[in-house]
Amino acid sequence: DRRRDRPARERSAGGRALLATSVRIDYGQLAPYFVGQSRRAYCGVATGTTVLNALRRPPIPLTQATFFDPPVAAVRSATRVAFGGLTLDQLADLLRAEGLAVDGVHAAQSDLDAFRGAARAVVAEPAQFLITNYDRRALHQEGAGHISPVGAYDPGSDRVLVLDVAAHKYPPTWVRASDLWSAMNTIDSASGTTRGYLLVREGEAKASSMSNNGVGG
């Protein structure tokens with residue numbers, strides 16, 4: 001029955017049941033700052049904005065416009081992103097420009113078990129986040145390459161909750177880890193490499209500065 005393979009929406013009864021039993025610390029941190037992408041090619045920008053705000057909880061949250069502060073714009077301008085989007089490595093470079101520690105993993109250099117372990121571990125840790133870069137077509141969705149953060153992992157069903165930043169079209173969706181891995185294990189024509197995922201946390205220098213100033217993480 002093909003209906004059994006359809007992703008469970010976070011807002012549906014089945015999706016809410018999965019969320020209630022899942023490992024979901026990251027969901028609680030990301031949800032208050034989640035934003036849908038404001039432009040067609042801004043999936044990476046919306047994801048980066050959401051993650052930065054969740055990490056730093058600034059009094060005035062970043063927007064997708066203020067995301068491009070001087071350090072970020074020096075790496076890649078808003079105009080270039082608006083017309084060309086972002087690859088996995090380009091988003092990693094922008095987040096590093098903001099002082100974050102980013103580990104990038106291309107699917108060709110890893111495997112499903114490693115991704116599953118990373119998802120399980122990261123969503124259980126505060127102030128660490130998982131960003132996925134995948135091909136929508138492998139998930140039977142419209143579109144091509146896309147970037148979104150992950151909010152939770154359910155061990156029982158082996159599904160991850162993708163907080164899809166194309167919020168005008170797709171709600172948060174539970175996706176089987178194996179299906180998401182297959183969608184990441186695809187070639188991005190812009191980079192010539194496989195897609196994959198990013199593990200993101202506050203950089204040591206920034207974290208030390210915040211600690212010395214008495215600001216909680």
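**Reading a cavity, a pocket and a strand**

Tutor: Let's start inside: Tyr134, Arg136, Leu139, Gln141, Val162, Asp164, Thr173 and Val175 line the largest cavity. Keep in mind that this is a predicted model.

Student: How many cavities of 30 Å³ or more does the structure hold?

Tutor: There is one cavity of 30 Å³ or more. The largest cavity contains about 40 Å³ of space. By residue class, its lining has four nonpolar, two polar and two charged residues.

Student: And what is the volume of the largest pocket?

Tutor: The largest pocket has a volume of about 630 Å³. To find your way around, look for the residues nearest its centre: Arg40, Cys43, Ala144, Gly145 and His146, out of 27 lining residues. That lining divides into nine nonpolar, 10 polar and eight charged residues.

Student: Which strand gives the most to that lining?

Tutor: Strand S4 does, with three residues. S4 covers residues 145–154, and strand S7 (187–188) also supplies at least two lining residues.

Student: Is S4 largely enclosed or left open by the rest of the structure?

Tutor: To judge that, count buried residues, meaning those under 20% relative accessible area. Nine of the 10 residues of S4 are buried, so S4 is largely enclosed by the rest of the structure.

Student: Which strands pair with S4?

Tutor: Strand S3 (residues 128–135) pairs with S4 in the antiparallel sense, over six bridges. To trace one of these bridges, find Ile131 and go across to Pro149 in S4. Strand S5 (residues 159–162) also pairs with S4 in the antiparallel sense, this time over four bridges. Here you can follow Asp154 to its bridge partner in S5, Arg159.

Student: How many residues lie between S4 and S5 in their hairpin?

Tutor: Four residues lie between the two strands of this hairpin. Among the turn residues, Asp158 has a positive phi of about 55°.

Student: What is the mean pLDDT of the protein chain?

Tutor: The mean is 87, and 84% of the residues reach 70 or more. Two stretches need care, though. Over residues 1–7 pLDDT stays under 50, and the model gives them seven contacts beyond four places in sequence. Residues 205–217 are also below 50, with eight contacts in the model beyond near neighbours in sequence.

Student: Why should I take care there?

Tutor: Where pLDDT is low, the predicted coordinates should not be read in detail.

Conventions:
Residues are numbered from 1 along each chain as its sequence is written. This is a predicted model: local features need pLDDT of at least 70, side-chain atom pairs count only at pLDDT 80 or more; totals for chains, interfaces and linings use all residues. Side-chain values use heavy atoms; hydrogens and water are left out. On a 1 Å grid over the protein atoms alone, a cavity is a set of points where a 1.4 Å probe fits but cannot get out, and a pocket is an open set with protein on both sides within 12 Å along at least five of seven lines; lining residues have an atom within 4 Å of a point. Grid points are joined across faces, edges and corners, and a volume is the space filled by probe spheres set on the points. Ala, Val, Leu, Ile, Met, Phe, Trp, Tyr, Cys and Pro count as nonpolar, Asp, Glu, Lys and Arg as charged, and the others, Gly among them, as polar. pLDDT is the predictor's confidence in each residue, from 0 to 100. Contact means heavy atoms within 4.5 Å. Buried means under 20% relative accessible area, exposed over 50%, partly exposed in between (1.4 Å probe, protein chains only). Two strands pair if DSSP finds at least two bridges between them.
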